[in-house]
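Here is a short report on a protein structure. Take a look at the sequence and the 3D view before reading on.

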2 protein chains.
Amino acid sequence: VLDAARALIEEQGFAAATIEAIAARAGVAKTTVYRSWSNRATLLVDLLVEVATEAVPPPGNDAGDPMRTLRTELRRGAVALNGLTGRLLTSLLGEAQEDPEVRTALLEGFFYRRREASVAVVRRAQALGQIRSDVSASLVTDLLYGPLFYRTFVVQDPVSEGVVKQMIQYVLDGLRPQDTRRK
Amino acid sequence: VLDAARALIEEQGFAAATIEAIAARAGVAKTTVYRSWSNRATLLVDLLVEVATEAVPPPGNDAGDPMRTLRTELRRGAVALNGLTGRLLTSLLGEAQEDPEVRTALLEGFFYRRREASVAVVRRAQALGQIRSDVSASLVTDLLYGPLFYRTFVVQDPVSEGVVKQMIQYVLDGLRPQDTRRK
């Protein structure tokens, strides 16, 4: 069913992916689709989670340098936002502004989980003294992800890898622990 | 006509403000409305410009300390995003993701102008050595405004004045000219 939804969106755009069209494409009854997803929004959020997880695997909790993890995630995020992940996210965000059902599905099914994973990586970086620890980890996450999403969804201008590298650099410069701040 | 649109939105929400309802409320014919605005999107963007200009006057080009101007604009912006400005912007941004007409009206009628004004203030701050001048002024603008819009539109969590102050502080810390960077 998710593959059918994905194919429909890639071929005909977001609006074409109705429950009816998805069921027809997948060769199942509408009632079968509704057994797994209570509405179109939750189905599309599940597709978003699948697509986004492929494009930007969520950071693990244990391994590696947290600063490198953050940089990798942001760079991959910028690339993904220019592709299907971005198109799905843009459309769902648009619908979420007007439709509370979409909003809840998107926040609870996608954003809160991704955000929690990022916040955990920021905390590890703070524990290692790589990011100043007197700033809340969720504010750090906003500062890192905000410019990327702002460019993509508000100004609607794609972010190149070069720009995302600069974004990360300057934000992290401002969040350096006071004693190791470079001159 | 704009007052009628505003009253309708405040009383009945964004979806109620159709051209038909706005014309009826203003006591004019629909054709009169269409003489000034080619569609609903351009009318609502004009209303947004009016509401946003009241809430956050665009920074002038000549007077005062640019850093203070930026801080004031961001703080007022955070307050405005929690009110009618935010509701209008949220709805229009949502529609813009699906409707190219709304997208163009919103970007050209609102965002590009506000952004240009902010970029000009950033340039003045760079000329005065308050912000490092080796970073593009539009990237600085993204770093400053991104977290605010990200919180409001993506994470959908209102930003308090305390949080916006912190956002500004840490971003500007990262953009300090190298030689005056504080230890």
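## A buried ring pair

B:Phe111 counts as buried because its relative accessibility is 5%. Buried means under 20% relative accessible area, exposed means over 50%, and partly exposed lies in between (1.4 Å probe, protein chains only). B:Phe110 counts as buried too, at 7% relative accessibility.

This is a predicted model: local features need pLDDT of at least 70, side-chain atom pairs count only at pLDDT 80 or more, and totals for chains, interfaces and linings use all residues. Residues are numbered from 1 along each chain as its sequence is written, chains are lettered from A and ligands numbered from 1 in the order in which they are written, and side-chain values use heavy atoms, with hydrogens and water left out.

## Aromatic pairs

A pair of aromatic rings is described by the distance of the centres and the angle of the planes. Rings of Phe, Tyr and Trp (its six-membered ring) pair if their centres lie within 6.5 Å; planes under 30 degrees apart count as stacked, over 60 as edge-to-face and the rest as tilted. How many aromatic pairs does this rule give over all chains? The count is 8.

A:Phe149 and B:Tyr150 form a tilted pair, with 5.1 Å centre to centre and 40 degrees between the planes. This pair crosses between chains: A:Phe149 sits in helix 8 of chain A, and B:Tyr150 in helix 8 of chain B. Both A:Phe149 and B:Tyr150 are buried. B:Phe110 and B:Phe111 make an edge-to-face pair, with 5.1 Å between centres and 70 degrees between planes. One aromatic cluster is formed by A:Phe110, A:Phe111, A:Phe149, A:Phe153 and B:Tyr150.

## Chain A as a whole

Chain A has 9 helices and 0 strands. Helices (H or I, at least four residues) and strands (E, at least two) are DSSP runs, numbered from the N terminus. The C-alpha atoms of chain A fill a box of roughly 65 × 30 × 30 Å along the principal axes.

Chain A has 183 residues, and 55% of them count as buried. A contact means heavy atoms within 4.5 Å. Take the contacts in chain A between residues at least 6 apart in sequence: 63% of these join residues at least 24 apart.

Most residues other than glycine have a negative phi. A:Gln156 is not a glycine, yet its phi is positive, about 55 degrees. A:Gln156 lies in the loop between helix 8 and helix 9 (161-174) of chain A. A:Gln156 counts as buried, because its relative accessibility is 15%.

In chain B, B:Gln156 also has a positive phi of about 55 degrees. B:Gln156 belongs to the loop between helix 8 (137-154) and helix 9 (161-174) of chain B. With a relative accessible area of 16%, B:Gln156 is buried.

## The largest pocket

A pocket is found on a 1 Å grid over the protein atoms alone, with a 1.4 Å probe: it is an open set of points with protein on both sides within 12 Å along at least five of seven lines, and lining residues have an atom within 4 Å of a point. The largest pocket holds about 360 Å³ of space. Its lining has 18 residues; A:Leu81, A:Gly86, A:Arg87, A:Thr90 and B:Gln97 lie nearest the centre.

Which helix gives the largest share of the lining? Helix 6 of chain A does, with 4 residues. Helix 6 (84-96) and helix 8 (137-154) of chain A each supply at least two lining residues.

Conventions: Grid points are joined across faces, edges and corners, and a volume is the space filled by probe spheres set on the points.
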